Amino acid sequence: MKNIILLGPPGAGKGTQARKLVDERGMVQLSTGDMLREARTSGTEMGRKVAAVMDGGELVTDEIVIGLIEEKIRASHGAGFIFDGFPRTLAQADALGAMLHRSGQDLSAVIEMRVDDEVLVRRISGRFTCGNCGEVYHDETKPTKKPDVCDVCGSTDLRRRADDNAESLKVRLMEYYKKTSPLIGYYYALGDLFTIDGLAPIEVVSRELTDILDQQSAT
Ligand code: ADP
Ligand code: AMP
């Protein structure tokens with residue numbers, strides 16, 4: 001089965017598209033952001049360490065996130081991973097290549113989701129998610145059908161992230177441009193890179209992604 005990376009700045013739509021691929025193709029979403037948010041509620045030493053870093057918008061250490069991903073790859077059932085928010089540094093990209101290689105797997109595509117910076121501010125400031133099932137919404141572009149009720153599971157536990165504010169976004173964007181955007185060149189050089197227009201409506205982005213996956217499956 002195919003393993004893919006969704007690459008893009010915060011708010012590009014990675015989580016939204018990953019969830020659709022899980023529903024539609026039975027792939028497995030590996031979001032390091034979700035794993036770290038879970039870790040910080042667990043009361044562990046690691047959870048405490050990462051909380052302040054995440055709230056400030058900086059990147060957590062490579063060692064921690066590589067460790068989280070390694071556990072998941074080891075437990076792989078071959079359904080095909082969607083790496084969402086990982087890798088975010090060149091060291092993480094190198095480590096991912098080595099971990100996949102060790103488990104006899106590889107990457108079939110790295111999909112860069114390109115979105116203008118001004119749009120990211122609107123995306124991030126309007127984002128909320130269901131605390132029960134994780135569905136991602138937006139005040140303007142994807143509101144719930146009934147006010148304050150999740151369309152998918154009916155929960156009223158709708159949440160906004162502590163780091164989804166303009167100040168933290170500035171730091172997160174700077175981290176993206178300094179540490180993550182070099183991965184676009186890295187994966188281009190490896191011949192794995194596809195670029196899609198992340199500004200298009202959610203369903204259009206989804207079709208483009210599906211086309212790339214189908215094309216890769218045929219090869
Ligand atoms: P990421 O995981 O890359 O940080 P999300 O998937 O959480 O991004 O999307 C950020 C916000 O933008 C969410 O509120 C989501 O509903 C909204 N969104 C995602 N994709 C689109 C799109 N193509 N058009 C408009 N809004 C979108
Ligand atoms: P996300 O949910 O992807 O927006 O990530 C939220 C936050 O978690 C980021 O701002 C970082 O602090 C941290 N984080 C998530 N993934 C990584 C990663 N691959 N490397 C380092 N830090 C990460």
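A residue counts as near a molecule if one of its heavy atoms lies within 4 Å of it. In this predicted model, 19 residues are found around ligand 1, and of these Gly15, Thr16, Arg127, Tyr137 and Ala200 come nearest.

| Residue and atom | Atom of ligand 1 | Distance |
|---|---|---|
| Gly11, polar backbone atom | oxygen | 2.8 Å |
| Thr16, polar side-chain atom | oxygen | 2.6 Å |
| Thr141, polar side-chain atom | nitrogen | 2.9 Å |

Helix α1, which spans residues 14–25, packs with helix α9, residues 202–218, at an angle of about 55° and with the two axes 10 Å apart. Because angles of 65 to 115 degrees count as roughly perpendicular and those under 35 degrees as roughly parallel, α1 is classed as oblique to α9. The crossing in which α1 passes α9 is right-handed. On the α1 side the contact is made by Thr16, Gln17, Lys20, Leu21, Glu24 and Arg25, while α9 contributes residues including Ile202, Val205, Leu209 and Leu213. The residues of this contact between α1 and α9 divide into five nonpolar, five polar and five charged.

Most residues other than glycine have a negative phi, and most peptide bonds are trans. The peptide bond from Phe86 to Pro87, however, is cis, with omega near 0°, and Pro87 is found in the loop between β3 (81–84) and α5 (90–102). Asp148, a residue other than glycine, has a positive phi near 65°, and Asp148 is located in the loop between β6 (136–138) and β7 (158–159).

Note on methods
Residues numbered from 1 in each chain as written. Chains lettered and ligands numbered in written order. Predicted model: local features only at pLDDT ≥ 70, side-chain atom pairs only at ≥ 80, totals over all residues. Heavy atoms only, no water. Axes fitted to C-alpha atoms, helices over the stretch in contact; angles between N-to-C directions. Helix = DSSP H or I, 4+ residues; strand = E, 2+ residues; numbered from the N terminus. Parallel < 35°, antiparallel > 145°, perpendicular 65-115°, else oblique. Left-handed = near helix turned anticlockwise from the far one by under 90°. Contact = heavy atoms within 4.5 Å. Nonpolar A, V, L, I, M, F, W, Y, C, P; charged D, E, K, R; others polar. Polar contact = N/O pair within 3.5 Å; in protein donor to acceptor, adjacent residues only side chain to side chain.
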